[in-house]
Structure formats: C-alpha cells, structure tokens
Amino acid sequence: MSWTDLQAESGHTIAELYDDERFAEFSATYEDMLFDYSRTQMTVAARATLFGMLEDRDFAQKRAAMYGGAKINNTEGRRVLHTALRLPEDAVLDAEGEDIARQVLDSRAACFAFAEDVRSGAYAAAAGSFTDVVNIGIGGSDLGPVLVAEALTAHCDGPRLHFVSNVDGAALTQVFQNCDLSRTLFIIASKSFGTIETMETAKVALARMKSEVADASVHFAALTTKPALAAEQFGIPAERCFGFADWVGGRFSVWSPIGLPLMIGMGTANFSEFLAGAHEIDTHFQSAPLAENLPVLMACVGVWHRNGCGFPTRCVVPYDQRLATLPQYLQQLDMESNGKRVTLDGDEVAVPTSPVVWGSAGTNAQHAYFQMLHQSPTPQPLEFMIAAEPVEEGLEHLQNILIANCFAQNQAFAFGRTEAEAEALMIEDGMDAEEARRLAPHRTFPGNRPSTLLLYRDLTPRTMGRIIALAEARCFTEGVFWGINSFDQWGVELGKVLATGMLPHVEGKFAEDMVNEALSGPLAHLHTL
Ligand code: F6P
C-alpha cells in the first residue's frame, strides 16, 4: 500500500458519497463518545488503504513496543511511557528489570499526599493555608495543566491556580498584584530545570518572596527530572521536589508530577478520575480492531486529509468554551511531535508530515474566520467537538443553541448551497429577480469542505482524560504512518542556543564574536530606542 494508492482515492465529493448508510459506515463510538467522520471525502477503499499502510508499517508491534517500555525515542535513547503514568493501582509493568509501575505509583502517592496537605492546610505558610498556587513553566510544563484547569474549573475547589509561562514578566506581575503573597505557593515546573524562561522567571519570583516573607523556601516546590538542580539553585528540599523519569516527554507530562497544580486545585479524587479516563483509552487503543479504534480512525482521517487530499492545516473547533485552549495544547502535541522532516533512520520523509494545527472555541470561531473557511478557494478540514449536556443545570437552552450551531456548521461545510439555490431563496424572500441573480454568486457556498465531529455527554475529569489520551494515541499513530520519531524535538534547539548567544548583544555588551550580520540591523535600531 503506497501514498499513490491513497491519493488515487481522492477527488470524490461529500455530496456524491453521502447516502443513508454513510453515517453508520463512517462513525465509531467509545462509551458515550461518538466520532463521526462521515462528512469527509473518505471512501471505503481509502480507509482500507490506510489500514493496509498501518499493517505494512508494523503498527501493532510499534504500539506494543511503546506500551511495553522499548526505547522507541531513538535519537535520545529513551522509552516513551507517559501511558504508564495512568496505570491503575494493581498494574504491573516491568521494563528490562525496572519496576515501572512501582515507580509511577510511588511518585503519584507522594504528589497526592502533598496536594492533599496543601488543600487541607496541613502544609501551610506562616500566614495560613495557601490561597493561591502559581505554576511557573512553559510548553509541556504549562499547556496541559492550563488546559485541564480551565476545562475543569467547575471541579476545582482548592486554592486558586495561576500559570506563568512567558518570560516577559507580564503574567508574573499580575500574580504579584493579585495574590496575597504571604499565602501563595510557587511551583517551578521544568523537566530539564534548564529552560531559560522558567528559570529566570522563577528567580524573580524567589527574590520577590524573599522580600515578602521570612521563610521564602516554604513557598516553593519543584517538578523536575533534575531534583539536584532544584535544591542547588532554589534551595527546595527533597520533600517538596517531585521527580519523574526522562521517559515522560514534556508534551505528554500532564499525568506526571507536572499535574501537581491540578491535584491541588481539584483534589486527588478528581485527578484519579482524569487518569482513569486516559487509561480507558489506552486499553481501547491497544485492543479495539482498527475499524472501531477511535484514535486510529482519527489518525486515518488526519493522514487522509494531509496526504490523500493535500490539506496543509487542520482547524480544531471545540464548541465548548472550557476547551478554548485545546487548539494550543494540540499545536504542541501534534506539531512538536510530528513536525519532522526525516524518518527514524534519518532519511527524508517522502510526504508532508504534521499539518498546521489551529483553531479556537465555537461559536466565536464562526464570527472570525469561518467566512474564509466557507468561501475562500483554499478550504481546510475542521474538527468539531461538543458536549451534549450543558455546563450546569438550567443552561440547557444555551447548550441547545450551541449544538444547533455546531451541527449546522457541519452541514454547511459539507453540502454548501448552490448558486441556483441561493438565487431561488432570495426570490422566495421577495427580491427582484435581477438583483437575486447579481447577489447569487456572493451567497453561494461551494461545500465539499470536510469536517469531523467528536460528541461526548459531559466534560467530567474522566472525559477530559479520555480526550487528551485520544489525541496522544492519534499523534503516535500518525507518526507511525510517517515513519518518524514523534518523541524528540530537536527543531526547538537551534533557537534556544542562538538566544543565549544573542543576549549580550541585546544587553549592549557586544561579546567578542560579532552577531550574524542579518541581525545587526534590528539590533542597531533596537539600541536607538
Ligand atoms: O519547547 C521545547 C521544550 O523542550 C518542550 O518540549 C517542553 O515541553 C518545553 O520546552 C519545556 O521544557 P522544560 O519542562 O524542560 O522546562
């Protein structure tokens, strides 16, 4: 099965493919969740080709290798075991004699105990129990906790959560202004404990706390794979330093101690539900046949759109305000994982890899860029998501309006409205025939623009765990299609190295070696400002 076989199946229209059986044929469920990809140009033959491509690429063996703890991250020599972080209490997982399950459960127990101590006030500041928790971290040490904290606000009954990621100091200043610092706990979250943005921001926070309270150290905890650095640089003692293994990738780390702010905010029972939802998907992903396997089907649609139909982007639109930051989360997950140019063996990939992932919450998206998606000559596939139930009782009417909008958009993108239909509608509304003819091209929707739908009952901690785990398993599967290493991120390195060298130039210190001449113009201008 080849990319050419796949491309040969493109070119059908959704309208031509749609019939009474299509929904049943091109949808699948997991518990209350429905994944509907019937309003795409996917054909039975295209799907069979995609399944064949997975078989050709030893998908089942690769999936088993990941879950079993093989070192599939072959450029860093690491296992990829974020899935172990949501194993249940009685699980057994041993990799080359290492008791992975024990490590995970011990680490989880330590985090849970600390989180509950903070919540109850058993661990408190001199001024009293902590009212605010500030996570300082970036990328994977920020996006997952931010997403889940926003999505599950209704379940958060602990100290208020704040997230400081960007190095510009704006968010930190707000924290200083809005929090009672005598009752604020700072969590420094960095897998490497070497990310300049996080380290420099944390130093500013520590300096400020030293000027505010007698024992600043009490107000700090660390989440990292480098506990020695946390002790050395910030004086954080071992009991408040929550470590994890290098086999937890940053963008897959929300299940690890990186989730500590969430454990504190929503409590460990809710966090356990979140883990359980993800573990359910792990089981489903490993056992369901391809045709019923939600993450596999989502990956097939992704690869179909990217490589079968040639769409360069995918637009994620959760019709759920609680998931407003999901597109950003998926940007890191998908684009940092699968934005690669070479295969596992270092050869150039034959086809384009990760699409640009973008989007925002609906219905707001309708009032921003849907115009372009409906009528510009460059359509892009959409991925809709929606809950059946409202955020809280009494809001059913608003939720129904939301659902109606979401479903209507699915229909409009797929089937559009012809020029003749547009003209007839205007005449029906009493418009003069000549004016209706003039306006008809402007009011025509070409349709045949694919979209998928993920429908779930309600956004509980368990559903949230499922949604993120689905995205992770999909990301892995897409990586198998492309034959790449989805678990390194060398593409971020160059900028990091150059930024360190650039700093003395920005500070006007002008180190010995001259800056790249392409940047000397902006630097010179900067120094006139
Ligand atoms: O953006 C690059 C990256 O390495 C991400 O993969 C990671 O999530 C982020 O930086 C933060 O890294 P750390 O947790 O080590 O500070």
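In this predicted model, helices α19 and α20 are oblique to each other, because their axes cross at roughly 40°, and an angle counts as roughly parallel only under 35 degrees and as roughly perpendicular from 65 to 115. Helix α19 covers residues 493–506 and helix α20 covers residues 517–526, and the two axes come within 11 Å. On the α19 side the contact involves M502, H505 and V506, which meet L519, L523 and L526 of α20. Sorted by class, the contact of α19 with α20 has five nonpolar residues, one polar residue and no charged residue.

Helix α7, residues 143–151, packs on helix α11, residues 260–287, at an angle of about 85°, and the axes are 11 Å apart. That angle makes α7 roughly perpendicular to α11. P145, V148 and A149 are the α7 residues in this contact, and L262, M266 and F274 are those of α11. The residues of the contact of α7 with α11 comprise six nonpolar, no polar and no charged.

Together with α9 (196–212) and α13 (326–338), α19 is a helix that supplies at least two residues of the lining. The space in this largest pocket is about 800 Å³. Its lining consists of 35 residues, and those nearest the centre are K191, S192, T195, Q489 and K496. Which domains each give at least three residues to the lining of the largest pocket? They include domain 2, which spans 82–271, and domain 4, which spans 492–526. By class, 15 residues of the lining of the largest pocket are polar, eleven are charged and nine are nonpolar.

The second largest pocket holds about 260 Å³ of space. Around it are 15 lining residues, with Q321, V391, L398, Q399 and L402 nearest the centre. Which helix gives the largest share of this lining? Helix α15, residues 396–415, does so, with four residues. In the lining of the second largest pocket, eight residues are nonpolar, five are polar and two are charged.

How values were computed:
Residues numbered from 1 in each chain as written. Predicted model: local features only at pLDDT ≥ 70, side-chain atom pairs only at ≥ 80, totals over all residues. Heavy atoms only, no water. Axes fitted to C-alpha atoms, helices over the stretch in contact; angles between N-to-C directions. Parallel < 35°, antiparallel > 145°, perpendicular 65-115°, else oblique. Contact = heavy atoms within 4.5 Å. Nonpolar A, V, L, I, M, F, W, Y, C, P; charged D, E, K, R; others polar. 1 Å grid on protein atoms, 1.4 Å probe; cavity = no way out; pocket = protein on both sides within 12 Å on 5 of 7 lines; lining within 4 Å. Points joined across faces, edges and corners; volume = space filled by probe spheres on them. Domains from an automatic or database assignment.
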